[in-house]
Amino acid sequence: MAVPAAGMAILSLMFLSAALWNGFPLIFYDTGAYILEGLGHVFLVERAPVYAELLFLAGGAFSLWPIVVLQALMTSYIILEVARAEVPGLTLRGVVLIGAALTLLTGIAWYVGQVEPDIFTPMVILGSWLLLFRGDRLGKARLAVVTGLTALAVACHPSHLGLMGGLLISAALIRLGVRRWRLPRPNIKRGLIGLAAALCLIVVGNFVLTSNFFISKSGSVFIFARLMQDGIVKRLLHDTCPPQGDIPWRLCEYKNRLPKSANAWLWGAGSGFHALGGFTSKSQQEEDSRIIAESLKRYPVMHWRAAVYDSLLQFLQFKTGDGIEPQLSILEPNFRRMIPEQLPAYLKARQQHGLIRFKVLNLIHVPVGAMTVLGLLVLLQHAGLRRAWDRASLPALVLLGLVGNAIICGTFSNPHDRYQSRLIWLPALVVLLAVARDRRALQPVTESGT
């Protein structure tokens with residue numbers, strides 16, 4: 001590929017365009033928690049320390065710009081490596097056109113420029129594909145970089161462990177069909193090395209802030225909140241909480257005051273979750289786990305239906321801009337206390353004045369997302385009819401990643417546009433690369449290949 005450094009620089013500037021237009025890195029509700037954890041060195045059960053520590057190492061105490069610039073560079077690098085593997089003769093002009101299309105037609109710039117680990121989710125999928133299917137073409141130095149970036153991406157959020165684990169299981173199943181159908185042979189060992197490195201980063205990151213070794217302490221809390229939103233917790237409390245006498249759950253006293261949404265339970269003022277100790281209450285987390293187990297035992301069909309519905313809903317929800325809105329009342333106190341020098345620029349940003357409008361953008365982003373997902377299916381059909389299984393690996397893995405992310409977020413949290421929209425630019429990238437390789441990539445093809 002011509003001038004990879006120039007490609008990285010140009011792509012990075014494109015992907016930073018939303019933050020540059022805003023006048024300040026984009027902020028989400030969770031940003032304040034990552035700032036508190038990373039800059040204040042305070043462990044928060046509900047947030048991944050690795051991203052918070054990356055924010056600190058990137059100089060977040062002095063400016064939030066370095067972390068989003070770093071995110072832009074890492075995203076650009078992974079995209080360029082995928083492009084080099086899929087379209088070896090791609091020129092700098094081709095790279096620029098693909099970058100411009102992604103910036104204008106998808107939400108990639110809104111996640112690259114956001115102080116939030118969401119941009120690392122698609123990096124998990126692209127990095128996993130490179131390790132599993134293209135590692136032998138990278139060379140030792142580039143393979144080491146891709147392995148490191150993939151491990152970092154996985155370590156930045158607990159859900160990424162499940163995502164990469166699912167991709168590795170899928171790759172292992174593909175290996176079973178290598179001889180019979182002549183499928184491409186994924187290198188499971190390289191993927192496992194990346195996953196193991198991620199686990200090491202997570203454990204070390206947790207140890208730095210707590211002096212204890214563990215992976216996560218918040219899983220049951222988010223699952224419980226989703227079960228509450230789906231009505232399963234209410235059903236259990238109705239069936240098990242007696243009118244008087246000994247009660248099986250502390251939550252029984254709140255059975256008639258349960259909120260209707262997971263967010264209201266986790267973050268709402270006056271929520272019983274906070275009255276019972278919140279994220280820091282070990283006894284409440286233990287009760288959450290027991291309630292989850294008991295409800296699974298009593299209502300397995302109800303669980304199954306809710307999980308399928310939430311996963312499907314999550315797969316179909318991918319509007320850009322979820323949560324990118326004025327954050328003054330929530331985050332200004334944290335900014336004033338932790339990074340007061342950055343407060344004036346934060347307050348001047350377009351986001352804080354409510355000047356960002358996603359309604360028009362989503363008239364473009366949503367149809368493009370839907371059409372490019374269909375484009376993945378077309379590419380898979382073409383590969384199947386031509387028996388070009390090697391070309392099917394990238395669209396197949398991206399499609400599996402989209403499905404896996406929807407299942408993980410829909411089942412273990414609850415559906416939000418943000419969870420799927422952070423990934424929905426991946427199908428566009430795959431389709432653009434396929435067209436760059438072969439302009440007839442999306443044309444109808446018969447079984448004879450003509």
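**Entry 1: aromatic pairs**

I began with the rings and found 11 aromatic pairs in the structure; rings of Phe, Tyr and Trp (its six-membered ring) pair if their centres lie within 6.5 Å, and planes under 30 degrees apart count as stacked, over 60 as edge-to-face and the rest as tilted. I looked up F24 and F335, whose ring centres are 6.3 Å apart with the planes at 55°, so this pair is tilted. F24 sits in the loop between α2 (17–22) and α3 (31–40) and F335 in helix α19 (residues 328–338), so the pair ties together parts 311 residues apart in sequence. Helices here (H or I, at least four residues) are DSSP runs numbered from the N terminus.

F24 counts as buried at 3% relative accessibility, and F335 is buried with a relative accessible area of 0%. Buried means under 20% relative accessible area, exposed over 50%, and partly exposed in between (1.4 Å probe, protein chains only).

I then turned to Y34 and Y51, an edge-to-face pair with 5.1 Å from centre to centre and 80° between the planes. This pair links distant parts of the chain, with Y34 in helix α3 and Y51 in helix α4, 17 residues apart. Y34 is buried at a relative accessible area of 1%, and Y51 counts as buried at 0%. I also noted that ring pairs link F24, F335 and Y346 into a cluster.

**Entry 2: the model itself**

I recorded that this is a predicted model, in which local features need pLDDT of at least 70 and side-chain atom pairs count only at pLDDT 80 or more, while totals for chains, interfaces and linings use all residues. Residues are numbered from 1 along each chain as its sequence is written, and side-chain values use heavy atoms, with hydrogens and water left out.

**Entry 3: helix α9**

I checked the length of helix α9 (residues 139–155): at 1.5 Å a residue its 17 residues should span 24 Å, and the end C-alpha atoms are 24 Å apart, which agrees. The expected span is 1.5 Å times one less than the number of residues. Buried residues in α9 are L143, V146, T147, L149, T150, A151, L152, A153, V154 and A155. Their cover includes α4 (49–57), α5 (65–86), α8 (120–133), α10 (158–176) and α12 (188–210).

**Entry 4: D310**

I located D310 in helix α18 (residues 300–316). D310 counts as buried, at 3% relative accessibility. Leaving out residues up to four places away in sequence, D310 touches R226, D230, G410 and P415, where contact means heavy atoms within 4.5 Å.

**Entry 5: positive phi**

Most residues other than glycine have a negative phi. H41 lies in the loop between α3 and α4 and counts as partly exposed at 46% relative accessibility. S211 also has a positive phi, near 65°. S211 lies in the loop between α12 and α13 (219–229) and counts as exposed at 53% relative accessibility.

**Entry 6: pockets**

I looked next at open space; on a 1 Å grid over the protein atoms alone, a cavity is a set of points where a 1.4 Å probe fits but cannot get out, a pocket is an open set with protein on both sides within 12 Å along at least five of seven lines, and lining residues have an atom within 4 Å of a point. The largest pocket has a volume of about 1200 Å³. Its lining holds 48 residues, of which D30, E46, R47, F222 and W267 lie nearest the centre.

The second largest pocket has a volume of about 270 Å³. α6 (92–105) and α24 (425–437) each supply at least two residues of this lining, and α6 gives the most, with 5 residues.

**Entry 7: cavities**

I found 2 cavities of 30 Å³ or more; grid points are joined across faces, edges and corners, and a volume is the space filled by probe spheres set on the points. The largest cavity has a volume of about 60 Å³. α6 gives the most to the lining of this cavity, with 4 residues. The second largest cavity holds about 40 Å³ of space, and α24 gives the most to its lining, with 4 residues.
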